[in-house]
Amino acid sequence: MALSVTHHQATDDFLQAAGEFLARREAEHNLIFGICSAIRLSPEAFGTHAPRFLTVTDDAAGVVAAALQTPPNNLVVSQVDDAAAVHALADAVVEDRPPGVLAPTEVIGPFLARWADRTGETAHLERVTPPERPAEGSWRFATPD
């Protein structure tokens, strides 16, 4: 199955193309949604470089992956519905040289391997260590004060 990468020029175009795909796993994509919202509210907050928005679609024109970057910040990659989309995304940004990549665990390894193959550079993986569970404290209802 052939995959196609599309570069979108604006937040609304990106969300028009990828919004339904991203919303199916909204919790996993809240960073992407949050960045898009911030760009809409204050585009100048991310500097003078235009944001990069990408979607990967399959033959049926369905989105199987998405990514965005607000240069000079890291590329943020979505969950991926087709493993080959990881290579398509890496290929699409190799010339842009993002400083880093934020991606789901199952995506980052193949992305970095493809990056290393295409650039000859050695990529390294940094891992975020989540806090111990359960966190201290207890739930309570919010009140006006």
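Student: Which pattern does the protein chain follow when read along the sequence?

Tutor: This is a predicted model, in which local features need pLDDT of at least 70, side-chain atom pairs count only at pLDDT 80 or more, and totals for chains, interfaces and linings use all residues. Residues are numbered from 1 along each chain as its sequence is written, and side-chain values use heavy atoms, with hydrogens and water left out. Helices (H or I, at least four residues) and strands (E, at least two) are DSSP runs numbered from the N terminus, and the protein chain has four helices and five strands. Read along the sequence, these give β-α-α-β-β-β-α-β-α.

Student: What share of the residues of the protein chain counts as buried?

Tutor: The classes rest on relative accessible area, with buried under 20%, exposed over 50% and partly exposed in between (1.4 Å probe, protein chains only). Applied to the 145 residues of the protein chain, the buried class takes in 35%.

Student: How is the aromatic pair of Phe 111 and Trp 115 classed?

Tutor: A pair of aromatic rings is described by the distance of the centres and the angle of the planes. Rings of Phe, Tyr and Trp (its six-membered ring) pair if their centres lie within 6.5 Å, and planes under 30 degrees apart count as stacked, over 60 as edge-to-face and the rest as tilted; by this rule the count comes to two aromatic pairs. For Phe 111 and Trp 115 the centres are 6.4 Å apart and the planes make an angle of 15°, and the pair is therefore stacked.

Student: Where do Phe 111 and Trp 115 lie, and is Trp 115 buried or exposed?

Tutor: Both Phe 111 and Trp 115 belong to helix α4 (residues 105–119), where they are four residues apart, about one turn of the helix. Phe 111 has a relative accessible area of 1% and so counts as buried. With a relative accessible area of 8%, Trp 115 is likewise buried.

Student: Which residues is Thr 70 in contact with, leaving aside its neighbours within four places in sequence?

Tutor: Thr 70 sits in the loop between β3 (63–69) and β4 (75–77), and it is buried because its relative accessible area is 5%. The C-alpha atom of Thr 70 is separated by 9.6 Å from that of Thr 48, 22 residues apart along the chain. Taking contact as heavy atoms within 4.5 Å, and with those neighbours left aside, the partners of Thr 70 are Ile 35, Ile 39, Phe 46 and Pro 51.
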